[in-house]
Amino acid sequence: MNARPRHDVRGLSRQLVGHFAEHVAPCSTLPGDALHGDITAVTRVCLELTVDILEGREPDEKVGRLQRAAANWAREGIPIDTVHHAVHEGFRLAFDLLLTQTDPKQRPENPAQLLLRILDTITPAVALAYVREHQAAVTEHHTAVHTLVSALLAGHPTSTMARASGIEIEPAYVVVAMSIPPHPDESHPNVDGKVVARRKLRRLQTALANRSGGRVLSLLSVDGGTILVPEAMFGEPELDELIAELSEAAQVGLTATALATPTEQISAAADRVHELLDTVLRLASPPGLYRFADLAMEYQLTRPGPGLDRLGTLLDPLDDHPDLLETLRRHMATGLSRRRTARQLQVHTNTVDYRLKRIGQLTGLDPSQPSGLWYLRAALVARTYRDAEGPPVAEVADHSPGRYGQNVC
C-alpha cells in the first residue's frame with residue numbers, strides 16, 4: 001500500500017467532520033467546539049487506526065486515545081448513541097476513502113471482513129470507556145446525594161454541600177419514611193436472596209428517578225429508609241400515586257408515612273415520621289401511604305406516661321389466650337372486616353364472632369360497641385410499645401428501616 005493515506009489523514013479528517021455536521025443528525029446538534037475539536041481529533045485517530053490495521057500494525061496506542069476521548073464525552077454528557085454513530089460512520093467513510101486511494105493490487109482480499117475487524121476492535125473499547133466514566137459520574141452523584149440527605153436528616157447546614165454538588169435544595173419537602181418488605185423470591189431456596197433484594201431496590205430507585213426527574217432525594221436500603229419529596233412537586237393525590245407506582249416497580253407492597261415540613265425542620269420531621277411508621281407497622285396495617293392526620297390518636301397513645309402504662313394492662317386477661325389476641329390484632333388491621341379477618345386466620349366468620357365475644361367477656365370491653373372498640377384499639381397500641389423489647393406486632397416489621405436507610409446499595 002502506498003503512503004498517501006497517512007499523508008492525507010488531516011485533510012480526510014476535516015472532510016469527514018464536514019460530512020458529519022451536514023448529514024449525520026446526532027452530530028449536527030453538537031456544539032461547534034466539540035464537533036471541530038474532539039470529533040475532528042478522534043476522526044483523525046480513527047483514520048490512523050484504519051491505516052495501521054490495513055498495513056498490519058497493532059493499534060493499541062490509538063485505541064487508548066479513543067478510550068480517553070470516549071471518557072471525556074461521557075463526562076460532558078454527549079449521548080453514547082451519538083458517539084457510536086459518529087465512530088461507525090467515520091470508519092465507513094474512512095474505509096471507502098482509503099481504499100479508493102490504494103493501488104488495486106494492494107487492496108485486501110476481503111474488505112468487509114477487515115472492516116468488521118476494525119469495528120470489533122474499536123466499538124467495545126469505546127463503549128467500555130464511556131460506560132466506566134458514566135458509572136463513575138453516577139457513583140459520585142449518588143455519594144453527593146447520600147451526604148446531602150444525611151446532613152438534612154441530621155439537621156446540619158447544607159448550603160455549601162448543595163453548591164458543591166449542584167443539587168438544588170427546595171424550600172419545603174414532604175418527608176416520607178418507607179418500609180420495603182422482602183420480595184417473595186428473597187426466601188426462595190434456589191435463588192440468591194441478596195441479589196433479589198438489590199434488584200428490588202434498583203427497580204424502585206429507577207422508578208423514583210423517572211417519576212421525579214431526579215428532584216426527589218432519597219436514602220434507601222433494601223428494607224426502607226427516607227425520601228424527601230419537594231412539596232411543590234406532588235399534591236396529596238399525586239403522592240399516593242407515587243407510592244403505588246413505587247410499589248408496582250418494587251413488586252412488593254410498600255408502607256410509608258408522610259409529613260410536610262420546611263427544609264430547616266426536616267430533622268425533627270424525620271424523627272416523627274419514622275415513629276409514625278413504626279406505629280403503622282406494629283399495628284399490622286395494610287401497605288399504603290399514611291399521613292399524620294390518619295393516625296394522630298395512635299401516635300399520641302405511644303407517648304410515655306401513666307396513661308400508656310394503664311392502657312397497656314387492659315389486654316392482660318388475653319395473655320393466656322393468644323388466639324384471641326391475634327384475632328383482635330387482625331380484626332383491627334383489616335378495618336374491622338369479619339370476612340377478611342377470617343380469611344387471614346383461615347377460620348370461619350362465626351369463629352371470628354365467637355372470639356370477639358370472648359374478648360369482650362374477658363376484658364370487659366365490648367368490641368361491638370364504639371367505646372369498647374376505642375379502648376381495645378388504644379390498648380393494642382399501648383401494648384405493642386409496652387412490649388417493645390419483642391418484635392413488632394405479628395412480626396410484620398422485623399424489616400423496619402431506620403431513618404438513615406442503613407446498608408444503602
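Leu 336 is located in the loop that connects α14 (322–333) with α15 (338–345). In this predicted model, the phi angle of Leu 336 is near 70°, a positive value in a residue other than glycine. The relative accessible area of Leu 336 is 38%, and the residue is therefore classed as partly exposed, the class that lies between the limits of 20% and 50%.

A positive phi, near 65°, is also found at Gln 251, again a residue other than glycine. Gln 251 belongs to the loop between α10 (236–250) and β4 (255–262). With a relative accessibility of 47%, Gln 251 counts as partly exposed.

Aromatic contacts were examined next. A pair of aromatic rings is described by the distance of the centres and the angle of the planes. The count comes to 1 aromatic pair. This pair is formed by Trp 374 and Tyr 375, whose ring centres are 5.2 Å apart and whose planes stand at 80°, so the arrangement is edge-to-face; the cut-off for that class is an angle over 60 degrees. Trp 374 is partly exposed, its relative accessible area being 41%. Tyr 375 is likewise partly exposed, with a value of 42%.

A contact between a charge and a ring involves Arg 272 and Phe 292. The charged end of Arg 272 sits over the ring of Phe 292, at 5.4 Å from the ring centre.

How values were computed. Residues numbered from 1 in each chain as written. Predicted model: local features only at pLDDT ≥ 70, side-chain atom pairs only at ≥ 80, totals over all residues. Heavy atoms only, no water. Phe/Tyr/Trp six-rings, centres within 6.5 Å; stacked < 30°, edge-to-face > 60°. Buried < 20%, exposed > 50% of the residue type's maximum accessible area, 1.4 Å probe, protein only. Lys NZ or Arg CZ within 6 Å of the ring centre and 35° of its normal. Helix = DSSP H or I, 4+ residues; strand = E, 2+ residues; numbered from the N terminus.
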